[in-house]
Amino acid sequence: MNLFEPHLFRRQFPLIENYDKSLIEKNGLTSSLIYFDNAATTQKPQQVINSQQHYYQRLNANVHRASHQLSSKATFAFENARTLVQNFIGANSVKEIIWTKGATESINIVAQSLARNTLIPGDEVVLCASEHHANIVPWQIVAEQTGAIIKVLPLTNSGYIDIDEIDNIITNNTKFVACAHISNVLGRINPIKEIIAKAKSVGAISLIDGAQAIAHLSIDVQSLECDFYVFSAHKMYGPTGVGVLYGKEEHLERMLPYQGGGEMIKAVSFTQATTFNELPFKFEAGTPNVAGVIAFAESIDFLAPFLADDTNSYNLYEQKLVDHCFHALAKIEQVKFIVDGKPDIGVIAFTLTGHHNQDIATSLDTYGIAIRSGHHCAMPLMAYLNIDGCLRVSLAAYNTIAEIDYFIESLKNILHDAAFETINEQVSKQAGEVRETDPSVNEMDDIISLFSNTKGWDSRHREIMLLGKTLPRLDKALRNENTLISGCESLAWLKAEYNKEGLYTFSADSDAKIIRGLLVIVLAAFNNKTAQQIIEFNINNYFSDLGLMQHLSPSRGNGLLAIVAKIQLLSREN
Ligand code: PLP
């Protein structure tokens, strides 16, 4: 019998199961939330959620410190989780399992506690073109600190690390090789065994970023023979704020502590040198995320049997989802995959000819479908592939074929509506008709009243898109480096004018329709205001009044904060 049964697996995830039962009938699906952003973070099964609650209700105490029963119980559960991780990834000893906040912190520890103390000018650190920023920036920082040089392994057309190039890039000057087991954008399982072996052959230390692999592949760090392997609990059905740094004991022993504080010391003195605790505690300064670590053990308990299952039913089901989604997308004329071929895991990245990624992602959101658009924390990869960004569907084993079909149908509807609109606009243009726009709507009060009469995200999204059409285009010459709003996912430009009365007027533009609409809304709030009024304006309250907070709370992610920050900056300049 198969250990993995899709519907039983899915039933463990309350957020998906209970998201909005009223819409179940409407979609003919088992839930109204189609969560396809699993590469960002996975949903949590009930046993992980229960564990967090149980810990605070029954077990809460600081670990390793007190001589009372509660602390002993908490410490036992906490250290038991470490042993589970050790067995889960086949590490030699619990001393090799360091708790961190996540993969990012794990990489920073290696960069600062090892690389910083060993690299000298001219040494080389080899990364790969498809790395997540978490596996680039810590190395750039340490390269800056030590004078080391960063070299980059190129990719094949299918998005794998190009193994034919490793002899040219990894040389006797290489001291560290750090690459992802699986890219968070390309979904390719990289040839890490060959890369680790090559690093070893030149005496370099290897670090594998397993953030995207850990929920899909069975990992054995001893057979991989890597020096370090890092991952985060939240990408494998566990809690946020917990991660693992696996490191060979010989390396961890010689590394200096990353942070100082309680728990990581043996003896502290003002008269003699402070001495450090043994492994793994040397790297765990301060009170750790005890509840998170204990809940993480539950996610391992939940996931490990599926990864170890001889029938391979978990992986086969994941493959079935990838096949179905990839082939259905491939049939849509406008879909352009960013690399050749079907990905190895359910991470599928593409663009849509003639459409802005952010417009598609927000439109899908109105159908209750969560996918990601943007650079996916892999800006160098976007530059390498010569694209601004892309859409990413990332699947987990609780997703279903019915959800994928609904996603594909919704995407086709969006494309169909957009094509219909374009034809209508062309016809009106040819007929010399000018689109009637209501200029009065561009006042803030009118916008608030417009949105107060509009119910539901679907209709509000439509209104935003319609408002976008009223925004006059900014002259091409004015769309330049000076007017560019940095930090916005789409390209957006903003220009300020200042009159004798000290009032500002702004004009703006964007390549994404959704941002054009948001610009109309934001500019209505800031136009004809003084610098003081601009600084004091509360954008969160405004968005709350518009009923948009739930969908578009001002954030870096949707560019709203970047727009507001630029407006405030410009108003300070005079
Ligand atoms: N590496 C990869 C490949 C990732 O996908 C991510 C997160 O998306 C990270 C590293 C960083 O993980 P975290 O944010 O949990 O530290």
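User: What makes up the protein chain in terms of helices and strands?

Analyst: The protein chain of this predicted model has 23 helices and 17 strands. Helices (H or I, at least four residues) and strands (E, at least two) are DSSP runs, numbered from the N terminus. Residues are numbered from 1 along each chain as its sequence is written, local features need pLDDT of at least 70 and side-chain atom pairs pLDDT 80 or more, while totals for chains, interfaces and linings use all residues, and side-chain values use heavy atoms, without hydrogens and water.

User: What makes helix α14 largely enclosed by the rest of the structure?

Analyst: Buried means under 20% relative accessible area, exposed over 50%, and partly exposed in between (1.4 Å probe, protein chains only). In α14 (residues 357-366), nine of the ten residues are buried, so the helix is largely enclosed by the rest of the structure. Among them are N357, D359, I360 and T366. Of the 574 residues of the chain, 53% count as buried.

User: Is Q550 buried or exposed, and how do you know?

Analyst: Q550 has 71% relative accessibility, so it counts as exposed. This residue lies in helix α22 (residues 549-552). Its C-alpha atom is separated by 9.0 Å from that of W457, 93 residues apart along the chain.

User: How do you know how helices α5 and α12 are placed against each other?

Analyst: Two packed helices are described by the angle between their axes and the distance between the axes. Axes are lines fitted to C-alpha atoms, for helices over the stretch in contact, with angles from 0 to 180 degrees between N-to-C directions. The axes of α5 (residues 69-89) and α12 (residues 290-308) come within 9 Å and cross at roughly 35°.

User: What residues meet there, and of what kind are they?

Analyst: Contact means heavy atoms within 4.5 Å. Residues of α5 including F78 and F88 meet residues of α12 including F296 and L307. Ala, Val, Leu, Ile, Met, Phe, Trp, Tyr, Cys and Pro count as nonpolar, Asp, Glu, Lys and Arg as charged, and the others, Gly among them, as polar. By that division, the contact holds 16 nonpolar, no polar and no charged residues.
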